[in-house]
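Please keep the sequence and the structure in view while reading.

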Amino acid sequence: MIVRQFVQTAFQQNTRIVACEQTGRAICIDPGEPSPAVVKFVNDSGLRLEGIVLTHGHLDHVGGAAFLHETFPEAEIIAHRDEADLYYALPRQPLLMGFQPHQLASLGMDYDDPPKITRFAEHMDILEVGELRFQVRHCPGHTLGHIVLVEESEQTVFTGDCLFNGTIGRTDLPGGDPSQLIESIEKNILSLPDDFTVQCGHGPDTTVGRERINNPFLNGLYRR
Ligand SMILES: [Zn+2]
Ligand SMILES: [Zn+2]
């Protein structure tokens, strides 16, 4: 599995191109901003971008979907059904987060309507990308339709904004629910073996085992 990470937006979001080494088939997980560097990497590596997979609809994870889809129009846009409303509200998201209309252009947050979701990912669906198989797990709590992707043979889980190295996703935005987030993480991520790599939506990678032991939201240290 080839994974190339690009840190994007003022939120330092991890956009990733993930590709099958044998076939060159690839997906982009969470294109944060319009990025010629991402396009160049795909083209220079001879990859075929088949999908743009959105762990969830927040602007720092989907702000580059339109640009990427214009460049690779054959790539499917894949998200969970419960995330559609938030995703299509992209132009209004900065205002919901407290930014003022006159600030948006200078912050690169003057979004147009994003491209249509072409495929809904359901809980336990398998997304095949060459020889890679990404199992979709619905993990609400940060947003209603957040998904994580488990690639079992590569022992890797892409957790978006559910789980980070040492912390968990925020739950104070619309659709957030702290109890539900913990339940989603316990059921869908901590149920994986300890040596699985956790590739997070922000910040450094970690492992399931490290988070099980050290993460204060998961080891009982921090009680709700
Ligand atoms: Zn988010
Ligand atoms: Zn984020």
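Two strands are said to pair if DSSP finds at least two bridges between them, and the strands themselves (E, at least two residues), like the helices (H or I, at least four), are DSSP runs numbered from the N terminus. The model is predicted, and local features therefore need pLDDT of at least 70, side-chain atom pairs count only at pLDDT 80 or more, and totals for chains, interfaces and linings use all residues. Residues are numbered from 1 along each chain as its sequence is written, while chains are lettered from A and ligands numbered from 1 in the order in which they are written.

Strand β13 (residues 197-200), by contrast, runs parallel to β10 and is joined to it by four bridges. Five of the five residues of β10 (residues 156-160) are buried, a residue being buried if 20 or more other C-beta atoms, placed from the backbone, lie within 10 Å of its own, exposed if 12 or fewer do, and partly exposed in between. Thr-156, Phe-158 and Gly-160 point one way from β10, and Val-157 and Thr-159 point the other way.

| Residue | Opposite residue | Strand of the opposite residue |
|---|---|---|
| Glu-151 | Thr-156 | β10 |
| Thr-156 | Thr-197 | β13 |
| Val-18 | Ile-27 | β3 |

Elsewhere, six strands form an open sheet of mixed pairing in the order β1-β2-β3-β4-β5-β6. Its edge strands, β1 (2-8) and β6 (119-120), each pair on one side only. Within this sheet, β2 (residues 13-19) and β3 (residues 25-29) run antiparallel and are joined by four bridges.

Pro-174 lies in the loop between β12 (167-168) and α6 (178-188), and Pro-174 counts as exposed because 12 other C-beta atoms lie within 10 Å.
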